[in-house]
Amino acid sequence: MTINVSEALDSDTGEIITATRTNSGNYIDGLYVKGSSSTFKTICSVQPATAVEIQNLPEGERTKDIRKFISKKPLRTTDEKNSIIADTVRYKTRDYKIISAGDWDTYGHTTSFGARVQ
């Protein structure tokens with residue numbers, strides 16, 4: 001039997017965060033036009049990443065301020081092949097760009113890692 005972790009994510013155990021999702025832009029007459037942005041809110045358990053989790057992240061991101069976001073709604077990372085831009089999460093007045101995301105949909109949540117935007 002699978003345990004649905006999302007049942008434990010509520011306003012008592014998590015925090016409401018705001019995520020910004022930006023669509024990729026296009027070139028029109030040789031000029032780049034930025035894509036539109038939208039925001040959504042979700043309940044997250046926000047935690048510092050463990051040493052092992054940081055070690056599994058890309059090398060260039062390991063020295064940054066990393067947070068783990070366990071949320072009900074999926075957050076996405078950059079995917080150049082499919083022209084997807086990474087989500088940005090606003091947490092305690094700071095922005096974190098999602099650099100790694102895992103889908104645990106079977107268990108009712110997603111786990112993502114964000115690096116603080118300098």
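How many residues lie between E6 and E7 in their hairpin, and which residue in the turn has a positive phi? Select the hairpin and you will find two residues between the strands, with Lys92 in the turn at a positive phi of about 50°. Strands (E, at least two residues) and helices (H or I, at least four) are DSSP runs numbered from the N terminus.

Before moving on, a word on the model. It is predicted, so local features need pLDDT of at least 70 and side-chain atom pairs count only at pLDDT 80 or more, while totals for chains, interfaces and linings use all residues. Residues are numbered from 1 along each chain as its sequence is written, and side-chain values use heavy atoms, leaving out hydrogens and water.

**Stop 1: the barrel.** Show the strands in the order E1-E4-E5-E8-E7-E6: these six close into a barrel with antiparallel pairing. Two strands pair if DSSP finds at least two bridges between them.

**Stop 2: strand E6.** On one side, three bridges join E6 to E1, where Ala19 stands opposite Val89. Four bridges join E6 to E7, and Arg90 has Asp95 as its bridge partner there. Buried means under 20% relative accessible area, exposed over 50%, and partly exposed in between (1.4 Å probe, protein chains only).

**Stop 3: the core.** Select Val89 and its contacts (heavy atoms within 4.5 Å); beyond neighbours within four places in sequence, they include Ile17, Phe69, Leu75 and Tyr96. Val89 belongs to the largest nonpolar core, 11 residues in all, including Phe40, Cys44 and Val46. Such a core is a set of buried Ala, Val, Leu, Ile, Met, Phe, Trp, Tyr and Cys residues joined through side-chain atoms within 4.5 Å. E4 (37-48) is one of the strands supplying at least two residues, and its three are the largest share. Apart from this core lies another of six residues, among them Leu57 and Phe113.

**Stop 4: Trp104.** Finish in strand E7, where Trp104 has its place. Trp104 is partly exposed, because its relative accessible area is 43%. Leaving aside neighbours within four places in sequence, Trp104 contacts His109, Thr110 and Thr111. Thr111, in E8, stands opposite Gly102.
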